[in-house]
Amino acid sequence: MFVVFVTQTLYSMIKGYLEVKKAKSKRTTEAARKVVKNSRTLSKVIGKRAKNKYQLPKQF
């Protein structure tokens, strides 16, 4: 009986640890995706503004 209790406790502790680890990994991945998306968006905006600001005037 005691062995079963210890086994179940160990199993639940390991399971909980792995779930927490998986959740942290998922949050980190989502945060990284947001950073990449925001940096791409920002670089596009900067590129458009730079193109518009430094565009040669059309003389012809």
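Guide: Phe 2, Phe 5, Val 6, Leu 10, Ile 14, Tyr 17 and Leu 18 make a nonpolar surface patch of about 760 Å². Patches are made of residues with over 30% relative accessible area and no salt bridge; nonpolar side chains (Val, Leu, Ile, Met, Phe, Trp, Tyr) are joined within 5 Å, and like charges within 9 Å. A salt bridge is a side-chain nitrogen of Lys or Arg within 4 Å of a carboxyl oxygen of Asp or Glu. Accessible areas come from the Shrake-Rupley method with a 1.4 Å probe, and for residues only the protein chains shown count as cover.

This is a predicted model, in which local features need pLDDT of at least 70 and side-chain atom pairs count only at pLDDT 80 or more, while totals for chains, interfaces and linings use all residues. Residues are numbered from 1 along each chain as its sequence is written, and side-chain values use heavy atoms, with hydrogens and water left out.

Tyr 17 is found in helix 1 (residues 2-53); helices (H or I, at least four residues) and strands (E, at least two) are DSSP runs, numbered from the N terminus. Tyr 17 has a relative accessible area of 54% and is therefore exposed, where exposed means over 50%, buried under 20% and partly exposed in between (1.4 Å probe, protein chains only). Leu 18, also found in helix 1, counts as partly exposed because its relative accessibility is 49%. From Leu 18 to Lys 53 the separation is 35 residues in sequence and 52 Å in space, C-alpha to C-alpha.

A patch of positive charge on the surface gathers Arg 40, Lys 44, Lys 48 and Lys 51. Lys and Arg count as positive and Asp and Glu as negative, with His and the chain ends not counted; the place of a charge is taken as NZ of Lys, CZ of Arg, CG of Asp or CD of Glu.

The setting is the whole chain, which has 1 helix and 0 strands. Its radius of gyration is 26 Å, well over the 10 Å that the globule rule gives for 60 residues, so the chain is more spread out than a compact globule. That radius is taken over C-alpha atoms, and the rule is 2.2 Å times the number of residues to the power 0.38. The C-alpha trace spans about 90 × 10 × 5 Å along its principal axes. Buried residues make up 0% of the 60 residues.
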